[in-house]
There are 4 protein chains.
Amino acid sequence: MTSAPISAGSSPVPASQARLRLIASCPDRVGIVARVATFLAERGASITEANHYHDASSQWFFMRSEFAISVGGAEQRQALLAGLADEFRPIAEGFDMEWRFTDAQRPQRVVILVSRFDHCLAHLLHRWKSGDLPYDLPCVISNHDDLRSLVEWYGVPFHHVPVPRDAAGKEAALKRTAALMDEVAPDTIVLARYMQVFPPWLCARYPSRIINIHHSFLPSFVGGRPYHQAEERGVKLIGATCHYVTEQLDAGPIIEQDVVRIRHSDTIKDMMRLGKDVESAVLARGLRLHLEDRVLVHGHKTILFSE
Amino acid sequence: MTSAPISAGSSPVPASQARLRLIASCPDRVGIVARVATFLAERGASITEANHYHDASSQWFFMRSEFAISVGGAEQRQALLAGLADEFRPIAEGFDMEWRFTDAQRPQRVVILVSRFDHCLAHLLHRWKSGDLPYDLPCVISNHDDLRSLVEWYGVPFHHVPVPRDAAGKEAALKRTAALMDEVAPDTIVLARYMQVFPPWLCARYPSRIINIHHSFLPSFVGGRPYHQAEERGVKLIGATCHYVTEQLDAGPIIEQDVVRIRHSDTIKDMMRLGKDVESAVLARGLRLHLEDRVLVHGHKTILFSE
Amino acid sequence: MTSAPISAGSSPVPASQARLRLIASCPDRVGIVARVATFLAERGASITEANHYHDASSQWFFMRSEFAISVGGAEQRQALLAGLADEFRPIAEGFDMEWRFTDAQRPQRVVILVSRFDHCLAHLLHRWKSGDLPYDLPCVISNHDDLRSLVEWYGVPFHHVPVPRDAAGKEAALKRTAALMDEVAPDTIVLARYMQVFPPWLCARYPSRIINIHHSFLPSFVGGRPYHQAEERGVKLIGATCHYVTEQLDAGPIIEQDVVRIRHSDTIKDMMRLGKDVESAVLARGLRLHLEDRVLVHGHKTILFSE
Amino acid sequence: MTSAPISAGSSPVPASQARLRLIASCPDRVGIVARVATFLAERGASITEANHYHDASSQWFFMRSEFAISVGGAEQRQALLAGLADEFRPIAEGFDMEWRFTDAQRPQRVVILVSRFDHCLAHLLHRWKSGDLPYDLPCVISNHDDLRSLVEWYGVPFHHVPVPRDAAGKEAALKRTAALMDEVAPDTIVLARYMQVFPPWLCARYPSRIINIHHSFLPSFVGGRPYHQAEERGVKLIGATCHYVTEQLDAGPIIEQDVVRIRHSDTIKDMMRLGKDVESAVLARGLRLHLEDRVLVHGHKTILFSE
């Protein structure tokens, strides 16, 4: 049996073992866990971590199981996943499940979009390089060229796609941005302080797969210049919110939030500095939860299986 | 020289010593600290803690000095304070100061208003009895009779003043409440989840001396049922806000705020339970800052000398 | 199907439904979850929350399942539990499980032991009375008579058992204390700042069922006067630790810990005051986790299934 | 009058204004504040922030004043400082003061020493480049060559000084390291996970000017492998400590500490990852306090004037 660290890659797994996940949700009824666990046991899967939650108000059931299973070799993990999916499909259909198997050892492909602020990007790049936050980074896209040197030092392709102010120009630029994303087939898109609003057609393209960091403790100070709003109101804490992007600006399902204490002497510039740290941390934590398949979206809310 | 604990009463002071405070604010100019400190030194005052802050945007100056000074005996502290005030007045007028001397050894007289929720009241009563939060408690006033037994167990007078829904009845009830407060000449009034809105005439009567606890992280979820709003939005943190009461509902200067993490599985009832703890803690911390004269109100914001 | 609140009693359960829990741990192998979930499904149990964890270093498996199941009426819940246990025993033996079924709707019987400090006791009494922390409180036992009035105001029996300094006298006193506990058959014993060390025979009597609050962030400042040690070292945070009591003083499995920031100006008396709040909060959180069967002891550590 | 941001450089100061600081401590007696404030006022200094604290146990007085004063131009700030020092000396001697004037607009010269872990270094480099943490960085010195590329990307000189294991070799290497530091006349030296113990002669060379980050919440887990110790003990929080380096290993005056929550499922590798974030944050906060002259060392403790 393999070791089962909670974090992707946080301990070696023998090549003869694959560590996979099954994420599922469906209307609740008796026997779901039994059926799914039996399915896994019949295939010799060893559950290393599993969480199940029943939402009383919606009568919905959510589950995340991480398990180790024998495989001929790393190159056969894909075939194994496909096979499991085929075999599981009838069960899933019987329960009206939304479901997916994922490979805990395959880093997700993440595209990072950024504008001029570099703090979130630098935070993610550093953790990408150290392997502390395991993901593949095929490219970074920005509407400005400022951060090219930083990105390229990490050996990551950088695409500069200016976004004009006029509607037509903006639409064209976002189409080109979308095309660049499509080329690398990302699993997840991170808006690391990307100062452009995604149009509905772009949001719809990656449902629950676009992650944004908002520089306020939503729903406080929705929209622009939250620090100016915070300074105006005289709050004692400022925060940041990591959420999925939907058509409704700043209203997508919240993944993670945190706050930091400020003092009467903190200027807006100080708030921006303090905010950068909490934004970077909240985005990295939210992204980690997402990459580990610990975030299940339910309507406009999230279920977090953070063990 | 006397010891100089930071918290009122946190260490004994010889009877021959009075520990006093000077709180002042005025338009900034050169020499304020020198003039004030010289005034104190000329009278043999030993500064035990002092904070000075210049607000750049308003060009205003704020100061809090705590000092020990010789006095014939405890009974003469009042005379000493009055004498200092008389001597300081011309200096204060020269600088256009808002100012006051306070007696750090005289506990403030606090009246607590409450409705049916007992958590903040119980928290304050316990810390009052233990002396951990030093203040005098001449009475508790409530628009319900539910908490009489709790209050009377502590040996504190309890007044039940029902507040009818109709305007005239409510006005009369609040007049009677105000009269009960006046009888005991409170320094500070605490609304410990008192579910009645104070009318302008009552707010105006105790400027920057009425402290309220709001069960949300303002400005999020202003108004009623904040936990329902929080549950609806799917936030990951809920909070509480301690602020001075002004005519604008929930918009007074904020003294203290804090938050607590919630989980997807937390029901509104769980949020209310978690909220009780953070409300009680935030109100107690805010009240302590106020009782120690560490809160200076500047427009709709506060300066906190919490050093 | 019943609602499935995370906290005992946080939502009504129809009388025709029992909410039960199965807590189990055993050497890991394939099929545990399948077997257990099938057992529950066969009896019409609806899982409302379940957590499974595989400890890689010890190759041990831990599980907690909360489920709703039909029952004739509240009075038959005991029979239902007994029946389930009988039927489950062979399965458990097959897996070499440590296991128990518990009744999520039956409040545990908790005996609180205390000396002179009343902050933790008052905190627990208030949450007991409000129902925010659901448990039965058959009695409070103290080696001093100081807190009798507080306890009796809550209508709870108070036993005063002085503990002499001499070995023989102390042994006799603790035997009498144990006898008083036995009379009420407690599920759990809470040492809410009980300033006496339990002898091995008493610790052994309630394995993983005696909860202590230590007024430091263990392992810092083991033993007595931790605030003096903290003041001496000049630390910037002080803490509290809630742990199970074992023969090794201050070395039992840790359930919960937290810290609070202190300032250079905080005296030992201030630390004690700040410490009281964090002690009370940490003990209450630790006790809640224990009462909800979320704490699984594994050697000298704990697994927390806090969802 | 100038604006008075709390953080160095957080708002522009007219060239005709210098923002300076006076840091002082001495045996307490009446009149210190008056004398110092009068000295400043006589020279037209406008106090923008000042803190005074009397330590009761040692009867010692501590002060930090930040003030704006007219100056012919930036280039004359040094002469102004020197002049003020000459004029202030007799006053300081009269009070037996330890004292210094500092230039709030002159960034300190900081040398960073590092081994192989890059998280603290990357954190400090990023904040240095963004100006969020204002200091000059003449060079980085390491006993390994691993981080050269990172440092040089920032345009900062990197010196590789291997440190052999044998006593003679180590002594020689540290002498060379000290020589490299002397060349750039650092105000402050930061050990950003520099895995070498400084010998007494090197500690003595920069009293209260060498800052270390320790990867545990001291005094817990002194010495090596704190995460292994934490994992062994089963604590629920791990931390980091920023302190001044003295001859006593890990026993110097503590500047800042913080903790992060861990879960039963966190492996030592996970703790190291979580620890990196808290180490980086604690070191940056501690360094900021130090760079703003907010840390006054008193015996083996620190006074923090963080307003």
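The questions and answers below concern two chain-to-chain interfaces in a predicted model.

Q: What rotation superposes chain A on chain B, and which residue of chain A has the C-alpha nearest the axis?
A: Chain A is brought onto chain B by a rotation of 180° with 0.0 Å of shift along its axis, at an RMSD of 0.0 Å. That is the relation of a two-fold axis. In chain A, the C-alpha nearest this axis lies 2.5 Å from it and belongs to S220(A).

Q: What area is buried between chain A and chain B, and which residues of chain A lose the most area to chain B?
A: About 2800 Å² is buried between chain A and chain B, and carbon and sulfur atoms give 51% of that area. On the side of chain A, three residues together account for 26% of what that side buries, and these residues, which lose the most area to chain B, are R233(A), K236(A) and H264(A).

Q: How many salt bridges are counted between chain A and chain B, and which residue of chain B forms one with R261(A)?
A: The count between chain A and chain B is 6 salt bridges. In one of the salt bridges, the closest N and O atoms are 3.9 Å apart, and the partner of R261(A) is D258(B).

Q: How many salt bridges are counted between chain B and chain D?
A: The contact here takes 30 residues from chain B and 31 residues from chain D, and the buried area is about 2200 Å², of which carbon and sulfur atoms give 61%. Polar contacts across the interface of chain B and chain D join 4 residue pairs, both residues being at pLDDT 80 or more. The number of salt bridges counted between chain B and chain D is 0.

Q: Which element of chain B supplies the largest share of the side that touches chain D, and how many residues does it give?
A: Helix 1 (32-42) and strand 2 (46-55) of chain B are the elements that give two or more residues to the side that touches chain D. The largest share of that side comes from strand 2 of chain B, which gives 9 residues.

Q: In what sense do strand 2 of chain B and strand 2 of chain D pair, and which residue is the bridge partner of E49(B)?
A: Strand 2 of chain B pairs with strand 2 (residues 46-55) of chain D over 5 bridges, in the antiparallel sense. Within strand 2 of chain D, the bridge partner of E49(B) is Y53(D).

Q: Which residue of chain B has the C-alpha nearest the axis that relates chain B to chain D?
A: A rotation of 180°, with 0.0 Å of shift along its axis, superposes chain B on chain D at an RMSD of 0.0 Å. In chain B, the C-alpha nearest that axis is 2.3 Å from it, and the residue is N51(B).

Key
Residues are numbered from 1 along each chain as its sequence is written. Chains are lettered from A and ligands numbered from 1 in the order in which they are written. This is a predicted model: local features need pLDDT of at least 70, side-chain atom pairs count only at pLDDT 80 or more; totals for chains, interfaces and linings use all residues. Side-chain values use heavy atoms; hydrogens and water are left out. Copies are superposed by least squares on the C-alpha atoms of residues with pLDDT of at least 70 in both. Buried area is the accessible area (1.4 Å probe) that two parts lose on being put together, summed over both. A salt bridge is a side-chain nitrogen of Lys or Arg within 4 Å of a carboxyl oxygen of Asp or Glu. Contact means heavy atoms within 4.5 Å. A polar contact is a pair of N or O atoms within 3.5 Å; within protein, one must be able to donate a hydrogen and the other to accept it, and residues adjacent in sequence count only if both atoms are side-chain atoms. Helices (H or I, at least four residues) and strands (E, at least two) are DSSP runs, numbered from the N terminus. Two strands pair if DSSP finds at least two bridges between them.
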